[in-house]
Amino acid sequence: MTAKASPNALPRPSGPGAPSILDLSNDEIERLVAGMGEPAFRSRQLWRSLYKDAARSFDEMTTLARSLRSSLAESFTIDPLTTVMSLDSKDGSTTKALFRLPDGELIETVLMRYERDGHRRPRRTVCISTQAGCALGCTFCATGQQGFSRQLSAGEIIAQVLHAVRVARAEDAISSRSGGVPWPVPVSNVVFMGMGEPLANYDNTIEAIRRLNDPQGTGIGARRVTVSTVGLPPQIIRLAAEPFQVNLAVSLHAPDDETRSQTMPVNRRYPIASLLDACKTYVARTNRRVFFEYVLLDGQNDAPEQAHKLGRLLKGILCHVNLIPVNPTAHGPYRRPGTRRTAAFRSALQGYGVPSTVRMEKGIDINAGCGQLRARAVNQHG
Ligand code: SF4
């Protein structure tokens, strides 16, 4: 908690140093509003204004009395994000934003737009960060090459989604003025796949999911939320006991410990066998499939025998494999395999009854891979 719930002891003065009200939990908001002498329904109105309406200023919260809005504005800010850079891919499908947090840390958020595809409705997916930097040091990841700075608060995590909601609504407003059909919802999917390891920031990640999932909050169904992890077995087992039906994506990237440890140092602490044990426990407890992410690195982990090894490893596990030809980073020595080699890998997996899809990353032309924009900004501006 960054603020006290009494009107006489409200936190720091407003302005750039004021705390964000997004860092208060629902209970804390209730106590704050009650402490200001307001009835309980005002806290629900405030909550809805923050998370459903994605209000960016207290002035926009016209359901609240002007005096309450003024009191809140004297003590809190709302949005902790300042946009440093925003880039659109050439095809317009992807926007990547670099944000500065109040203490100067830089984080990235990516908004991806998917047009109608057969029976699938058009949708927007936002990829969010959970840490400034990352301590896990995966060698193929620009964030991993920059080191860890700090955990993001739940408010800083969800602020990225609220930002995307505002961008999406503005797009829909422009489109409807020119006769276009608005998309079904501003943002339909959220992936915890940006900078950082979400399960290493467990409590704030879970609190952010709770607010996303809250029908009185952002209202994004848990099944449309994906938590992507490098594979921390204790936290995977903990996640299985949470009441949300979120999707779990595990970055596997290699079929054996030797290869995996070369690119993912975390594997030395949690080898593949312990990771898969945790995944099997997760499936048994939740009855939900696990998504395995496998970044294909040309000549490193994409050989036919490695595909067979992976097939044998995953055979019988309720899972789906996403094969992702690598997005070369500014620093990484990796190359993307050709389409024939990728297709052969996939077909080998099929032989073991392991379902898979090849996923091309969006926004290659705007450094949309995790941590690339931050790396670019840091390199340019020191
Ligand atoms: S891939 Fe994820 S866990 Fe690995 S270094 Fe990058 S941000 Fe951290």
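View 1. The structure is a predicted model, in which local features need pLDDT of at least 70 and side-chain atom pairs count only at pLDDT 80 or more, whereas totals for chains, interfaces and linings use all residues. Residues are numbered from 1 along each chain as its sequence is written, and side-chain values use heavy atoms, with hydrogens and water left out.

View 2. L81 lies in the loop between α3 (66-75) and β1 (82-88), helices (H or I, at least four residues) and strands (E, at least two) being DSSP runs numbered from the N terminus. L81 counts as buried because its relative accessibility is 3%; buried means under 20% relative accessible area, exposed over 50%, and partly exposed in between (1.4 Å probe, protein chains only). Residues up to four places away in sequence not being counted, L81 touches R56, F99, R100, L101, I107, A159, Q160 and H163, contact meaning heavy atoms within 4.5 Å.

**View 3. The packing of helices α1 and α2.** Helix α1 (residues 26-35) and helix α2 (residues 40-51) pack at an angle of about 130°, with their axes 9 Å apart. The two helices α1 and α2 are therefore oblique to each other. On the side of α1 the contact is made by N26, I29, E30 and V33, and on the side of α2 by R42, S43, L46, W47 and L50. By class, this contact of α1 with α2 comprises five nonpolar, two polar and two charged residues.

**View 4. R123 in strand β4.** R123 is placed in strand β4 (residues 123-127) and is buried, with a relative accessible area of 16%. When neighbours within four places in sequence are left aside, R123 is in contact with M112, R113, Y114, W183, S188 and N189. R123 and V185 are 62 residues apart in sequence, while their C-alpha atoms are 7.6 Å apart in space.

How values were computed
Axes are lines fitted to C-alpha atoms, for helices over the stretch in contact, and angles run from 0 to 180 degrees between N-to-C directions. Angles under 35 degrees count as roughly parallel, over 145 as roughly antiparallel, 65 to 115 as roughly perpendicular and the rest as oblique. Ala, Val, Leu, Ile, Met, Phe, Trp, Tyr, Cys and Pro count as nonpolar, Asp, Glu, Lys and Arg as charged, and the others, Gly among them, as polar.
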